[in-house]
Amino acid sequence: PGAPSCPHGPALLFVKTSQGKEEGRRFYACSACRDRKDCNFFQWEDEKVSETRLAAREEYNRNHQPSFTHRQNVDRYKNFVLLPLSKRRFCQECQQLLLPAEWEKHSDHQFLCDITTAQLKSPSQLLYPLENKKTNAQYLFADRSCQFLLNLLIDLGFRRVLSVGTPRLHEMIQSKASQEEEFNVRSLLLDIDFRYSQFYTEDEFCHYNMFNHHFFGGETARETCRKFLYEENGERVIMVTDPPFGGLVEALASSFKKLMAMWRETEKEGQNKEMPMFWIFPYFFESRILDFFPSFSMMDYQVDYDNHALYKHGKTGRRQSPVRIFTNLTPSMIVLPEEEGYRFCTVCQRYVSSGNQHCEICNSCTSKDGRRWKHCVLCKKCVKPSWFHCNTCNCCTLEKHSCEKAEVGCFVCGKAGHKRSACPSLS
C-alpha cells in the first residue's frame, strides 16, 4: 500500500544486494519492465518526493495511457464491422483499426486492406507480437498446443477459462463459441497488451498487469473479473496463465494468489481450496513455483510456440521446448496424447514422456527435459545424461566445468554450502 505508480500501475519494491554484504538501499521500480529503456521509473523507498514532482509524475502517467478508452474502442469496432470490405483498413505502424475519416492522418503509414471477419476473430495474427523479452515476451501458443489445452479443459469439465496472458487460447475459445452453437466454454482475457481492447468487449477483456495485480480499468474491470469467477458459484472455472519467462516468480505468485482469493470469496465452505490452475512456465523454475504453490506438480507435456526460434515441438535432445504445465489438479487427470509419445506410468500415476524412464531407486519418473536421466548413487538422485560426478565439487555437473566455482559461496551472505535461493539470511 502507498507504493508510487508509473504508467504500468503501482511499482514494486526492490533491494540491491552485493555478495557477502548487508542488504543495500531499497527502491521502487516498474513492475512490468525490467529494462530501464522501456520504463525508467525509479524512486528510493525513503525518498521525499515534492508536490511539484508528484504532479509532474501524474501528468506523465496520464499522457502515457492509450489514446482511446476501452469503451471507445468497442464503439469503433462496431462501426468498423459495418464497413464494406474495401473500406476496412488496419494501420501496421500504429497497430490500430482505421475508420475512413482517419485514413489521411495515417496516409504515410503502411496498412493492411480488406480486413476480413476471420482476421478480426484472430487478432493475435493481425497484431505484431511484442517480443521484448524483458517486458512483454509475447510468444504465442502454436495451434497444436492451443488445441491440446482447449480439448483438455473441455474433457476435464471446465466451462469458464480465466486467460491470464494467453491471448491465443482466449481467441480460439471466442472463435469456437461464435461458430458452434453447442460449444459452451467462455473465456475472459486479462492482459497488459491494450491493443486487444480493439477486438473484445469489456466482458471479454480486461487490461491487467500480472506483476502487480493491477486492473487499469479500476473497480469496474475488477468487478468484471469478480463476476466472471462468481458465476455458477465459482464452479467449473480454471485459470490458465502463460507469463513472460523473465518475470519475477515472487511477483507473479503474489498476483495469482490474489486472483485465487477473489475466486475463494465465492466459496461458502472449504475456504482453503485453491482455484484450479494451469501455470505454463519452463521446467527449470519448478522449485521456485513449488515454493509458493506446494500443491502444484509439473506435467511432462511440452508446450511450443509459433514465433519462438527454440521452443518448438519435435526437436530432440536439448533442443526440445523446456516449457511445461504446472497444475494443482490431480496429475492422473491430465491425459497426454499417446500419439505424441506420452505414456502412463502406473507407479507415478501420471502421464510422462517416452524418454522419461521410471527410476526404481528414486521411485519416480525423474526426467525434466524429455531425455532419459541416470541415477547417481553419490548424489542420491537422478541427473542429466550429460552430467558426471565431480569429486572436487562433490556433485554431478558437466564434464567440462571449472571446479573453482565450487569455492564461491552464496551470493547473499558469501558462505559456502548453499545457493542464494536457500540462504537463511533471506527473509
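The structure is a predicted model, in which local features need pLDDT of at least 70 and side-chain atom pairs count only at pLDDT 80 or more, whereas totals for chains, interfaces and linings use all residues. Residues are numbered from 1 along each chain as its sequence is written, and side-chain values use heavy atoms, with hydrogens and water left out.

The protein chain contains nine helices and 24 strands; helices (H or I, at least four residues) and strands (E, at least two) are DSSP runs, numbered from the N terminus. Of its 427 residues, 46% count as buried, where buried means under 20% relative accessible area, exposed over 50%, and partly exposed in between, with a 1.4 Å probe and protein chains only. The accessible surface of the chain comes to about 22,600 Å², and carbon and sulfur atoms hold 51% of this area; accessible areas come from the Shrake-Rupley method with a 1.4 Å probe, and for residues only the protein chains shown count as cover. Among the contacts (heavy atoms within 4.5 Å) with a separation of 6 or more, 56% involve residues 24 or more positions apart.

An open sheet of three strands shows antiparallel pairing in the order 3-4-5; two strands pair if DSSP finds at least two bridges between them. Its edge strands, each pairing on one side only, are strand 3 (12-15) and strand 5 (42-44). The twist averages 35° from one strand to the next, with axes taken as lines fitted to C-alpha atoms, for helices over the stretch in contact, and angles running from 0 to 180 degrees between N-to-C directions. Strand 3 is joined to strand 4 (residues 26-29) by four bridges in an antiparallel arrangement, and Phe14 has Phe27 of strand 4 as its bridge partner.

An open sheet of eight strands has mixed pairing and the order 12-11-10-9-13-14-16-15. Strand 12 (214-215) and strand 15 (297-298) form its edges, each pairing on one side only. Strand 9 (residues 160-164) and strand 10 (residues 186-191) are parallel and share five bridges; Val161 lies opposite Ser187 of strand 10. Helix 5 (residues 143-155) packs on this sheet, where it touches strand 9, strand 13 (237-241), strand 14 (277-282) and strand 16 (323-327), and its direction makes about 155° with that of strand 14. Helix 6 (residues 167-179) also packs on the sheet, touching strand 9, strand 10 and strand 13, at about 150° to the direction of strand 10.

Strand 9, helix 6 and strand 10 together make a right-handed β-α-β unit, right-handed meaning that, with the strands pointing away from the viewer, the path from the first strand over the helix to the second runs clockwise. Strand 10 is largely enclosed by the rest of the structure, because five of its six residues are buried.

Beyond its neighbours within four places in sequence, Leu162 is in contact with residues including Leu188, Leu190, Phe228, Val240 and Leu259.
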